[in-house]
Amino acid sequence: MTIQLDALTTDTIATHAAPLPGYDQITVRQVGAHIGAQIGGVTIGGDVPAAQIAEIKQALAAHQVIFFRDQHVDDADQRAFASLLGTPTKPHPTVSGDGDAVLPIDSDHSKANSWHTDVTFVDRIPSASLLRAIELPPYGGTTVWANTTRAYAQLHPALKALVDRLWAVHSNLYDYAAEHDEKRLGGVDVKETAYREEFRHLEFETEHPVVRVHPVTGERTLLLGHFVRHFVGLSGDDSRDLFRLLQRHVIRLDNTVRWNWRLGDLAIWDNQATQHYAVDDYDDQQHRRLHRITLAGEVPVSVDGVRSSIRKGDASHYSPIASLRS
């Protein structure tokens with residue numbers, strides 16, 4: 001019942017809310033007060049006019065995640081559209097995907113049902129991700145995004161003073177058991193195990209500032225998520241307690257938006273100002289598949305101008321380092 005209400009609410013807001021002013025080439029309707037907007041008047045592909053692309057980027061910076069309904073296109077169209085917004089990366093630093101730019105997000109292999117920002121275990125964190133619905137279960141399969149810029153802004157000044165100078169170690173060898181129940185030996189999912197082994201066959205570890213300066217907006221935003229292993233200089237217990245405290249601020253319900261997918265939908269999120277969570281609200285025998293393309297981003301910079309540093313791994317094969325600052 002809750003899922004049906006969410007779906008009705010999302011569609012009603014997007015359909016009936018007045019378009020926001022300041023856009024001449026596209027329509028922009030807010031989906032949530034603090035994050036999310038639905039974009040109209042655009043058919044994605046490689047021929048989207050430059051004026052529309054500029055306004056799409058404007059809307060993404062303002063709303064952190066934007067949604068396009070009924071874009072019944074193929075991988076080539078998605079890739080061409082992504083190329084107008086930035087530089088597509090390889091599918092993933094360790095997972096091959098299609099070998100070019102597309103990473104299948106397939107429930108047969110894994111479910112990303114924990115809060116994260118994409119690929120934070122490398123130094124050059126993607127600037128944005130584009131996700132297109134290919135196959136959906138008859139119910140559920142929703143995704144939730146959280147606004148990490150607002151989460152920082154809402155912190156008490158004493159917590160801001162703490163996290164402004166704090167650094168965290170991110171790794172792709174994060175603790176799966178912390179988010180997933182252990183399965184008995186005879187119940188191991190072979191496909192899921194193989195995918196995890198591919199995900200972990202190269203090791204990456206990077207020190208990032210917990211508060212980064214957004215390269216486009218200049219705002220401060222929290223850089224956390226499930227790839228965090230610990231905070232530099234803190235014990236394991238202190239790291240876990242502080243991580244839970246900060247994550248609790250990020251994922252407050254009034255700081256999130258939940259999207260009920262339809263076939264052909266495309267979501268684009270600012271990977272420098274959000275976390276997301278693929279909700280496991282459908283049955284295991286049902287199939288969910290979406291295709292993701294990520295865009296190259298900068299190396300994060302702390303509030304005092306220090307760039308992230310690599311501990312292990314070289315991600316140059318995965319992505320160039322983009323220059324996003326105007």
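These legends describe close-up views of a predicted model.

**Figure 1. An open sheet of 4 strands.**
The strands of this sheet run in the order β11-β7-β8-β16, and their pairing is antiparallel. The edges are formed by β11 (228-231) and β16 (309-312); each has a single partner strand, so one side of each is left without a neighbour in the sheet. On average, neighbouring strands of the sheet are turned by 30° against each other, direction ignored. One of the pairings joins strand β7 (residues 167-171) to β11, in the antiparallel sense and over 3 bridges. Here Ala168 stands opposite Phe231 in β11. In a regular strand, side chains alternate between the two faces of the sheet.

**Figure 2. The aromatic pair of Trp115 and Tyr277.**
A pair of aromatic rings is described by two values, the distance of the centres and the angle of the planes. The model has 8 aromatic pairs by the rule used here. In one of them, Trp115 and Tyr277 are 5.5 Å apart centre to centre, with 50° between the planes, and the pair is tilted. Trp115 is in the loop between β4 (103-106) and β5 (128-135), while Tyr277 is in strand β14 (residues 274-278), so the pair ties together parts that are 162 residues apart in sequence. Tyr277, at 24%, counts as partly exposed.

**Figure 3. The aromatic pair of Trp145 and Trp261.**
The ring centres of Trp145 and Trp261 lie 6.4 Å apart and the planes stand at 55°, so this pair is tilted. Trp145 belongs to strand β6 (residues 143-147), and Trp261 to the loop between β12 (256-259) and β13 (266-270); the pair therefore ties together parts that are 116 residues apart in sequence. Trp145 counts as buried, with a relative accessibility of 0%. Trp261 also counts as buried, at 10%. Both residues belong to a cluster linked by ring pairs, together with Phe67, Trp259 and Trp269.

**Figure 4. Strands β6 and β14 side by side in antiparallel pairing.**
The pairing of β6 and β14 extends over 5 bridges. Within it, Asn147 stands opposite Thr274 in β14. How many residues of β14 are buried? The number is 4 of the 5, so β14 is largely enclosed by the rest of the structure.

**Figure 5. Helix α3 (residues 75-85) and its buried residues.**
The buried residues of α3 are Gln78, Phe81, Ala82 and Leu85. They cover an arc of only 105° around the axis, which puts them on the same side of α3. Which elements cover these buried residues? They include α2 (50-63), β3 (65-68), β5, β13 and β15 (289-295). At the N-terminal end, α3 is capped by Asp74. A side-chain oxygen of Asp74 lies 3.2 Å from the backbone nitrogen of Ala76.

**Figure 6. Asp70 and Val119, two residues with positive phi that are not glycine.**
Asp70 lies in the loop between β3 and α3. Its phi is near 55°, a positive value in a residue other than glycine. Asp70 counts as partly exposed, at 45% relative accessibility. Val119 is found in the loop between β4 and β5. The phi of Val119 is about 60°, again positive although the residue is not a glycine. With a relative accessible area of 4%, Val119 is buried.

**Figure 7. Gly313 in the segment after β16.**
Gly313 counts as partly exposed, with 36% relative accessibility. Which residues does Gly313 touch, not counting those up to four places away in sequence? They are Glu203 and Phe204. The C-alpha atoms of Gly313 and Asp123 are separated by 9.3 Å, although the two residues are 190 residues apart along the chain.

How values were computed:
Residues are numbered from 1 along each chain as its sequence is written. This is a predicted model: local features need pLDDT of at least 70, side-chain atom pairs count only at pLDDT 80 or more; totals for chains, interfaces and linings use all residues. Side-chain values use heavy atoms; hydrogens and water are left out. Two strands pair if DSSP finds at least two bridges between them. Helices (H or I, at least four residues) and strands (E, at least two) are DSSP runs, numbered from the N terminus. Axes are lines fitted to C-alpha atoms, for helices over the stretch in contact, and angles run from 0 to 180 degrees between N-to-C directions. Rings of Phe, Tyr and Trp (its six-membered ring) pair if their centres lie within 6.5 Å; planes under 30 degrees apart count as stacked, over 60 as edge-to-face and the rest as tilted. Buried means under 20% relative accessible area, exposed over 50%, partly exposed in between (1.4 Å probe, protein chains only). The arc is that of the directions from the helix axis to the C-beta atoms. Contact means heavy atoms within 4.5 Å. A polar contact is a pair of N or O atoms within 3.5 Å; within protein, one must be able to donate a hydrogen and the other to accept it, and residues adjacent in sequence count only if both atoms are side-chain atoms.
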